[in-house]
Amino acid sequence: MVREERNIFKNIDWITVGIYLLLVLFGWMNIYAAVFNEQHDSIFDLSQRYGKQMIWILVSILLALIILMTEPKVFNAFAFFIYGLSILSLFLVLFIGKEVSGSKSWIDLGGFDLQPSEFAKIAVNLAIARHLSSLNIRMEDLRTRITTFFLIGLPVILILLQDDTGSALVFTAFIIVLYREGLSGNVLIIGGLVIILFILALMVDKWIIIAFLALIALIWFSQIRKNRRDIVSLLGLFLLVAGFVYSVDFAFHHVLDVHHKERINVLIGKEVDLKGAGYNVNQSKIAIGSGRIIGKGFLQGTQTKYNFVPEQSTDFIFCTIGEEWGFIGSVLTIALFIILFIRILNIAERQRSAFSRIYGYGVASVFFFHFLVNIGMTIGLAPVIGIPLPFISYGGSSLFAFTIMLFIFIRMDANRLQLL
Amino acid sequence: MQKALNKRKYVISMIFIIAGVIFVLRLFWLQIVDRSYYFSANNNVLRHITQYPARGLIYDRGGELLVYNEATYDLMVIPRQARNFDTLELCGLIGIDYETFRERMKKIREYSLYRPSVFEKQISKEAYGFLEEKLYKFPGFYVQPRTLRKYVRPIAAHTMGYVGEVSPRICEVNPYYKPGDYIGISGIEKSYEEALRGIKGSRIIMVDVFNRDQGSFQDGKYDTIAVMGKNLYASLDMKLQEYGELLMTNKRGSVVAIEPESGEILALVTSPGYDPNLLVGRVRSYNYNILAKDSLKPLFNRALQAQYPPGSTFKLVHALIGLEEGVLNLQTRYGCAMGYSSGPIHVGCHAHAGPLDLIQSIAQSCNAYYCNVFRTILDNRSLPNQAAGYAKWREMTCSLGFGSAFDSDIPNLVSGFIPKNEYFDNIYGKNRWRFLTIVSLSIGQGEILTTPLQLANLAATIANRGYYCTPHIIRAVGKQDDRQEKFQQKHSIPISRRHFETVVEGMYQVVEAGTAHYYKMDSIPICGKTGTAQNPHGKDHSIFIAFAPKDNPKIAISVIVENAGFGATWAAPIAFLMIEKYLMKEIKRKDVETRMIEGNLLSN
Ligand SMILES: [Zn+2]
């Protein structure tokens with residue numbers, strides 16, 4: 001046993017662990033700065049968020065140690081079992097969950113609020129890895145795709161039922177994993193085009209877009225051989241795209257409620273409403289922008305300290321970084337994340353087992369999605385979707401989930417040489 | 001297949017890196033290129049709070065407080081931050097309706113979204129008490145302490161002047177003032193504005209999102225302390241001023257009392273007047289309009305701005321000039337046949353014994369005598385012609401303070417009028433006018449105009465036997481004993497002292513045995529001169545100038561009671577009472593006092 005343990009610690013990827021610790025500690029500092037109040041100026045004060053976060057960090061490190069000492073075969077063997085448990089907890093939360101700011105996604109465990117959706121990401125990741133690493137599974141098969149999308153779709157539906165759109169959206173990150181495992185690259189391109197068209201449909205009058213599409217179709221038509229099959233498919237494509245634009249427009253004006261419409265309008269710059277939906281983003285941009293090059297210094301941020309930025313210790317924690325650490329601190333933080341993501345990809349690619357590789361890609365993709373949407377939101381590039389910044393944001397559930405997710409992968413990697 | 005797929009790592013890595021680069025570029029824009037976020041952040045947390053210094057207080061010559069300050073509060077708003085609050089609750093607290101609220105907010109927003117504007121002026125202490133507790137509910141609103149002027153007694157309104165909101169024009173010219181600031185608009189408040197206002201201070205504090213004070217910005221590094229305005233020590237004697245106003249009840253006119261030796265104004269009474277407290281604060285413009293429409297013109301400062309022909313009081317000027325020019329001496333006698341006649345011209349006189357010498361001519365105020373005196377002045381043989389004689393006379397008259405406004409500390413003084421030669425040249429043609437053309441000047445009528453202040457100064461000059469100090473209202477600024485330098489200067493009159501002594505004797509006889517002997521007091525030797533200003537619009541104005549005691553005089557005075565007829569009937573007894581009040585502190589002749597106070601001449 002002793003020998004094996006030493007082996008593990010020798011084989012784990014210390015760069016990843018190092019970045020993890022840096023981010024967690026930097027997050028803790030920024031939570032301290034964001035909710036700093038002079039009556040409780042000790043960072044260890046357990047009545048304050050920074051004191052609590054310290055506990056979560058200690059627990060997380062404990063969890064990491066436990067995972068590192070676990071036999072990695074367990075994750076493979078219990079992947080579907082864990083998935084099943086997760087689905088069960090997502091069901092349960094619909095009945096016994098407590099509602100926090102509009103989402104019924106929390107289970108009260110006596111003092112600690114557990115958010116099953118955070119852990120569902122791990123379960124789904126394990127399940128997909130297990131499923132796609134099975135023998136005789138090929139991404140090209142329609143059946144494989146359907147079963148995979150089902151594995152992802154089931155928890156997404158359950159989370160959507162909790163009214164937690166943000167957490168549900170995170171699961172779209174797994175498209176990256178599927179792409180790596182053989183899903184056509186067109187999926188990414190078409191996905192990108194759909195998003196662009198979607199935004200255009202909201203910003204520009206639908207008839208202008210449809211007229212523009214018709215023009216492209218005509219030019220295209222003049223270039224192709226005029227056989228019936230091509231004409232029919234071109235016409236079909238045109239109708240499909242025009243129909244999409246039309247239905248987006250229709251959905252926006254007739255299906256979405258005012259609240260959502262506002263948020264979307266603010267995001268695409270159609271509306272400058274600094275009082276309503278745009279207020280948070282505007283204050284967030286002010287806080288970050290006012291940090292200038294080197295920032296105002298630790299605990300010197302006024303925008304976050306005096307509560308001009310909402311949710312400053314959770315979803316808008318990046319404001320504190322931007323304000324107090326400036327451009328330099330922000331860029332370093334971003335760089336640290338990107339290095340972590342690419343490190344994970346590199347580790348994933350060196351895995352001999354498909355299970356570990358797929359799982360690794362899942363980890364990177366989920367982290368990346370959180371990173372992309374969270375920071376994008378604070379600097380006005382993404383819609384206001386309340387999801388935490390990994391390792392930095394305040395919160396036990398999310399920190400535990402991110403830690404477990406990462407360390408399972410580190411544990412798998414540490415074992416890569418033994419597993420053949 | 002697997003080999004091709006592991007290349008996808010690079011595509012995915014690129015996506016990650018591109019996202020990172022986009023974020024960095026965006027941050028570069030937000031944090032380095034676009035400075036507006038930096039200013040917005042300051043706007044969020046920094047509040048520049050103007051510290052208004054207390055305006056200087058004003059004391060009378062005895063050290064008694066005349067004007068002080070009272071605290072009041074302005075409700076300020078920064079429209080950009082005023083959001084998410086219960087509008088109706090706020091309306092209820094300050095007692096306005098929703099429509100008013102909306103209109104005000106609209107105007108304020110048009111002015112500036114970011115700068116503080118006054119939302120409600122001068123909230124009373126009681127209303128402020130309620131508001132203060134609930135202010136946290138209204139982000140963007142805060143309270144600015146201000147002060148209002150208060151007057152201990154309802155006297156000397158014209159002299160004090162008033163304070164009001166600064167006009168946009170002044171704000172443009174003078175950067176010290178910001179819209180909503182107060183400034184002295186008239187009277188002492190205006191002429192001593194710079195001393196009284198002090199120096200505004202500024203404090204920068206930080207506030208949180210609920211607009212709660214979070215302490216000084218950078219430990220007050222950029223704060224400046226407000227410096228209180230300087231106190232003014234007026235030369236006014238509050239009791240004398242008050243008594244003068246009492247005597248002038250229900251009369252139109254003015255009383256000006258000066259300490260001859262120093263030129264310090266002891267009392268400056270204009271009647272009808274008003275309570276200075278009427279022109280303070282929110283009620284100011286309302287009351288101002290009422291006063292402005294009043295047919296008795298209470299806003300008109302008669303003591304300083306009304307111009308009257310000086311009547312017989314001007315005979316003193318003729319006597320002084322005649323003596324100095326040597327065309328007149330103590331023994332000069334002229335007969336009087338109920339006036340002065342020359343060809344078609346006749347200037348009437350009253351019945352008196354004759355012929356009179358100089359002293360008696362002053363005592364009896366003989367018109368014929370002064371027609372002769374004025375004629376001899378114009379005919380002065382040492383001068384080429386009457387025009388030159390007139391020019392010389394005018395020059396000496398002006399040296400006594402007539403024909404121009406004093407360079408004093410009271411704003412809006414008027415100059416009166418002593419016509420120049422050119423004036424008559426224009427009317428009659430050059431060399432086409434002579435003594436008989438302007439004979440009415442001999443008795444202080446005709447074109448000559450003087451102000452009550454100038455007449456009081458004449459009395460002071462004679463009392464001083466040949467000099468005056470510019471009449472002024474503020475003895476010291478800042479420190480009680482620091483007399484203002486510029487008013488110490490003595491203006492000497494180019495007429496020898498013994499001629500003044502002669503005129504003083506004449507004025508003494510006016511009261512002892514002459515035109516004003518009826519109200520003569522035994523206790524104080526008073527020198528005076530009656531006058532009557534002809535009034536083409538109604539009954540003549542009663543004028544009296546005097547000083548007392550005869551030797552080492554302490555008070556010089558001019559009294560004008562409009563439409564009161566002969567100078568001896570109203571103006572003289574009022575002057576006597578003022579002198580008695582000032583020198584003896586109490587009035588012995590209660591019957592005279594009562595008759596004067598109760599006399600109502602407004603209907604004349
Ligand atoms: Zn006569």
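Residues are numbered from 1 along each chain as its sequence is written, and chains are lettered from A and ligands numbered from 1 in the order in which they are written. Because the model is predicted, local features need pLDDT of at least 70 and side-chain atom pairs count only at pLDDT 80 or more, while totals for chains, interfaces and linings use all residues; side-chain values use heavy atoms, with hydrogens and water left out.

**View 1. Chain A as a whole.**
The secondary structure of chain A comprises 18 helices and three strands, where helices (H or I, at least four residues) and strands (E, at least two) are DSSP runs numbered from the N terminus. Of its 420 residues, 51% count as buried, a word that stands for under 20% relative accessible area, with exposed meaning over 50% and partly exposed in between (1.4 Å probe, protein chains only). The accessible surface of chain A is about 19,300 Å², and 68% of it belongs to carbon and sulfur atoms; such areas come from the Shrake-Rupley method with a 1.4 Å probe, and for residues only the protein chains shown count as cover. Among contacts in chain A between residues at least 6 apart in sequence, 71% join residues at least 24 apart, a contact being heavy atoms within 4.5 Å.

**View 2. The interface of chain A and chain B.**
In this interface, 51 residues of chain A are in contact with 39 residues of chain B. The area buried between the two chains is about 4,100 Å², with carbon and sulfur atoms giving 69% of it; buried area here is the accessible area (1.4 Å probe) that two parts lose on being put together, summed over both. On the side of chain A, the residues that lose the most area to chain B are A:Arg292, A:Tyr306 and A:Phe327, together 18% of what that side buries.

**View 3. The side of chain A that touches chain B.**
Several helices of chain A each supply at least two residues of this side, among them helix H10 (185-203), helix H14 (277-289) and helix H17 (354-378). The largest share, 13 residues, comes from H16(A). By kind, the residues of this side divide into 26 nonpolar, 16 polar and nine charged, where Ala, Val, Leu, Ile, Met, Phe, Trp, Tyr, Cys and Pro count as nonpolar, Asp, Glu, Lys and Arg as charged, and the others, Gly among them, as polar.

**View 4. The surroundings of B:Asn464.**
B:Asn464 lies in the loop between helix H19 (452-463) and strand E15 (467-469) of chain B, and it counts as buried because its relative accessibility is 10%. Its side chain reaches the backbone oxygen of B:Pro260 at 2.7 Å, and a polar atom of that side chain lies 3.0 Å from the backbone oxygen of B:Tyr467. Leaving aside neighbours within four places in sequence, B:Asn464 is in contact with B:Pro260, B:Glu261 and B:Arg497.

**View 5. Salt bridges in chain B.**
The side chains of B:Glu64 and B:Lys239 meet in a salt bridge (3.6 Å, N to O). This pair links distant parts of the chain, 175 residues apart, with B:Glu64 in the loop between strand E2 (58-59) and strand E3 (65-77) and B:Lys239 in helix H11 (residues 238-247). B:Glu89 forms another salt bridge, with B:Lys137, the closest N and O atoms being 3.0 Å apart. B:Arg61, B:Glu259, B:Glu264, B:Arg475 and B:Arg483 are linked in a network of salt bridges.

**View 6. The surroundings of B:Ala319.**
B:Ala319, in helix H14 (residues 315-325) of chain B, is buried, with a relative accessible area of 0%. Not counting residues up to four places away in sequence, B:Ala319 touches B:Leu328, B:Leu358, B:Tyr370 and B:Val503. B:Ala319 and B:Val503 are 184 residues apart in sequence and 7.2 Å apart in space, C-alpha to C-alpha.

Key: A polar contact is a pair of N or O atoms within 3.5 Å; within protein, one must be able to donate a hydrogen and the other to accept it, and residues adjacent in sequence count only if both atoms are side-chain atoms. A salt bridge is a side-chain nitrogen of Lys or Arg within 4 Å of a carboxyl oxygen of Asp or Glu.
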